[in-house]
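Hi,

Here is the structure I promised to pass on. Have a look at it first, and my notes follow below.

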Amino acid sequence: MRMYDIIDKKKNKEKLTKEEIEFFVKGYTDGSIPDYQAAALLMAICINGMDKEETVQLTLAMADSGERLDLSDIPGAKLDKHSTGGIGDKTTLIVGPITAALGVKIAKMSGRGLGATGGTIDKLDSIPGFSSDLSDEAFKRQLLDIGMVDAAQTLNLAPADKKLYQLRDVTATVDCIPLIASSIMSKKLVSGADSIILDVKCGSGAFMKNYEEAVLLAETMVDIGKMAGRRTLAVISDMNEPLGKTVGNSLEVLEAVEVLKGSGEERLLTLCRELSAGMLVMSGMLGEADPGNEALLDKARSLVDETIVSGKALNKFREFVRAQGGDDSFIDDRNILSKAVLKRDVVCDKEGYLSNCDAEEVGNVSCLLGAGRLTKEDSIDSSAGIIIHKKLGDRIKTGELLATLYTNNEDVIETAAERLAAAYCVSSSPIDKKSVIMGVVS
Ligand code: URA
């Protein structure tokens, strides 16, 4: 078999066989297929697509490229969660402790941010002492001891995805449904959890810009999960503006703590409640593990609210931070997390209603301030980021505060302020506020 012929076949819109897909994944993982040939095939897949059978084969080949985490000796329902990537998305830091406090085992492997979207590991790294670099044994021990663990992709799980994702990132081949679905699901299939909840982001700050594409991605991933014998649920959520009030690593950790203390921004809280409720139902702890059962979901939503009000979710977060070596004192005193030296308010120059947001641009501005990286090698400034004071649909007056920027880099602050202001549109007529939940695929 020759890689040249596989590329040529996909270029000519032909369907690849299981053997050809396995040849590609194995060869690229072991280094016998070079980057330039892999990049050519990825681009051909982006342009000509893959059908469901090819996508499933690609996922399975990527899942088989490394080890699998065996959690079968850990009792209880084990859940994993994954977001397709958004701006200001700190939901894992909230739904993890909520559901773990209610007895679900959260076995999570998270990534770092790249480009406009953030990553949970970068957020957790802003906590002094926190380590996301866990061995197989440490991962399982913590899951058993406190019911929640979140590690970076350091274990030898789905190494094909690790390599391919890095290549996709620099070859404009990320936003492609079969490639996203296989990337996410290969990691989920090897992480050992028996149920998977997917948060598929849709809108200006997401890979999927329109609803139809988001549904297709959600359906593809749910089908792969089910075919592999995992309970899988996808929530499609709105990403036409940043989630919550903050973008940037330590700012987002602090916002997650606020939500766990009971005072979260409404849309963020709604999404976290829905994801947590879906996870609780899927775990089977409330009876039938049917995430379409509205009565069970209602019961789960009440339990989620109670867990926040009682302080149990916050306690679980504290336990989780400590278990991974973090200093939890920032939970009581937010000043403990490092703060940016420079602060710049951005005010609105029009009167009306916030009608539109280029959420990806807000993510790019956050990167410019230092909160994200443009290449894998860049270091990030955990104190940099943005506090957003207004949400879409809010009334705003001329001169009123839209956002506050935080950075340690004086050179970027003016450009960042101009770009942030330009990322929002103001309309003279009122705008309907959209629900953060756009749909559910189960
Ligand atoms: N997240 C992933 O893990 N992979 C993708 O391809 C996109 C988002």
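A definition before anything else: I call a residue buried under 20% relative accessible area, exposed over 50%, and partly exposed in between, using a 1.4 Å probe and protein chains only. Please keep in mind that this is a predicted model, so local features need pLDDT of at least 70 and side-chain atom pairs count only at pLDDT 80 or more, while totals for chains, interfaces and linings use all residues. Residues are numbered from 1 along each chain as its sequence is written, and side-chain values use heavy atoms, with hydrogens and water left out.

The whole chain

There are 16 helices and 13 strands in the chain; these are DSSP runs numbered from the N terminus, with helices being H or I of at least four residues and strands E of at least two. The C-alpha trace spans about 65 × 45 × 40 Å along its principal axes. For 442 residues, a compact globule would have a radius of gyration near 22 Å, and the chain agrees with that at 21 Å. (That radius is taken over C-alpha atoms, and the globule rule is 2.2 Å times the number of residues to the power 0.38.) Buried residues account for 58% of the 442. The accessible surface is about 17500 Å², and carbon and sulfur atoms hold 49% of that; the areas come from the Shrake-Rupley method with a 1.4 Å probe, and for residues only the protein chains shown count as cover. Of the contacts with a separation of 6 or more, 77% are between residues 24 or more positions apart, where contact means heavy atoms within 4.5 Å.

Where α2 meets α8

Helix α2 (residues 18-30) and helix α8 (residues 159-169) have axes that come within 9 Å and cross at roughly 80°. The axes are lines fitted to C-alpha atoms, for helices over the stretch in contact, and angles run from 0 to 180 degrees between N-to-C directions. That makes α2 and α8 roughly perpendicular to each other (65 to 115 degrees; under 35 is roughly parallel, over 145 roughly antiparallel, and the rest oblique). On the α2 side the contact is made by F24, V25, Y28 and T29, and on the α8 side by P159, A160, K163, L164 and L167. Those residues divide into seven nonpolar, one polar and one charged. Here Ala, Val, Leu, Ile, Met, Phe, Trp, Tyr, Cys and Pro count as nonpolar, Asp, Glu, Lys and Arg as charged, and the others, Gly among them, as polar.

A38 belongs to helix α3 (residues 35-48) and is buried, at 0% relative accessibility. Setting aside neighbours within four places in sequence, A38 is in contact with M3, F24, Y28, I33 and L167. The C-alpha atoms of A38 and F24 are 7.8 Å apart.

Two positive phi values

Most residues other than glycine have a negative phi. K13 is not a glycine, yet its phi is positive, about 65°. K13 sits in the loop between α1 (3-11) and α2 and is exposed, with a relative accessible area of 64%. A158 also has a positive phi, near 45°. A158 is in the loop between β3 (148-152) and α8, and is buried at 0%.

One more loop

K433 lies between β12 (424-427) and β13 (437-441) and is exposed, at 52% relative accessibility. Not counting residues up to four places away in sequence, K433 touches K391, L392, G393 and D394.

Cheers
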